[in-house]
Amino acid sequence: MMTGLMTGLDPLYWMLMLPAIGLALLASLLTKGTFARYSKVASSTRITGAQAAERLLRYGGAHDVRIERAQGFLSDHYDPRVRVLRLSPEVFDAPSLSAIGVACHEAGHALQHAEKYAPLALRSALVPVVQFGSSLSQWILVAGFLLMGAGSKLGATLVMAGIAMIALAVVFALVTLPVEWNASARAKRLMVDCGIVSADEATASGRVLNAAFMTYVAAAVSGIATLLYWLLRSGLLGGRRDD
Ligand SMILES: [Zn+2]
């Protein structure tokens, strides 16, 4: 990215981003570590991830959701466009507390979708906008700062537009938090209600989901740090202005 040239040598950038990068690293290690730990613990019912998800979906009344085996470690997700729950082999086939936790969390998203849970609808609506904006915002910022340097008035407008796109990505990351938390809360509750695991086992499964939630917190923190950096650098916040 060209903005790398603008940010890489800036101590302010690293001052803001290093804590966020550290948190993301910690969350990732914690997620993988907790998942590995409870992958070795089989549930007393020996129900696999796929079976657990299916039972949860039926219990919650989401009858039109398909469950598929997908490739990729921890690639598990629910696709609301086609109502398909894709589980990785480590989750689909395993009767472990980790597999059950992840499978029930993804089923939780399908239940959110079925009952039109508002934060999920908002998040889905933001996906295309944020995807478009995140690839474009970097270039708009580069162009904006170059034009500002050349004395063009258009530069400031472009910088504002780039920052607005980054702000939208932060909104997306923040809306993701209640969606993820709620899917895990449903999973923890329903996996006991459905007789998939005991209450004690649900606590262990829940630890995997709590660790995974940290990765979403880290993403939000990183987004806020990025936004703060560009606000400071553009002079919209504080006194510094690079033009
Ligand atoms: Zn999720």
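Is Glu-180 buried or exposed? I looked it up: Glu-180 is buried, with a relative accessible area of 5%. I used these cut-offs: buried means under 20%, exposed over 50%, partly exposed in between, with a 1.4 Å probe and protein chains only.

**Ground rules.** I am reading a predicted model, where local features need pLDDT of at least 70 and side-chain atom pairs count only at pLDDT 80 or more, while totals for chains, interfaces and linings use all residues. Residues are numbered from 1 along each chain as its sequence is written, and side-chain values use heavy atoms, with hydrogens and water left out.

**Zinc site.** I noted the protein donors of the zinc ion as His-105 (NE2), His-109 (NE2) and Glu-180 (OE), lying 2.0 Å from it. Donors are N, O and S atoms within 2.8 Å of the metal (3.2 Å for Na, K and Ca); water is not among the atoms, so sites may look incomplete. Along the chain the donors read H-x3-H-x70-E. His-109 sits in helix α5 and Glu-180 in helix α7, 71 residues apart, so the pair links distant parts of the chain. His-109 is buried too, at a relative accessible area of 7%. I took helices (H or I, at least four residues) and strands (E, at least two) as DSSP runs, numbered from the N terminus.

**Largest pocket.** I found about 910 Å³ of space in the largest pocket. A pocket here is an open set of points on a 1 Å grid over the protein atoms alone, where a 1.4 Å probe fits, with protein on both sides within 12 Å along at least five of seven lines; lining residues have an atom within 4 Å of a point. The volume is the space filled by probe spheres set on the points, which are joined across faces, edges and corners. There are 33 lining residues, and the closest to the centre are His-77, Tyr-78, Glu-106, His-109 and Glu-180. Helix α5 gives the largest share of the lining, seven residues.

**Second largest pocket.** I read its volume as about 490 Å³. Of its 25 lining residues, Ser-134, Ile-166, Ala-169, Gly-223 and Thr-226 lie nearest the centre.

**Sheet.** I traced an open sheet of three strands, in the order β1-β3-β2, with mixed pairing. β1 (66-69) and β2 stand at the edges with a single partner strand each, so one side of each has no neighbour in the sheet. Two strands pair if DSSP finds at least two bridges between them. β2 and β3 (residues 84-87) pair in the antiparallel sense over three bridges. His-77 stands opposite Arg-86 in β3.
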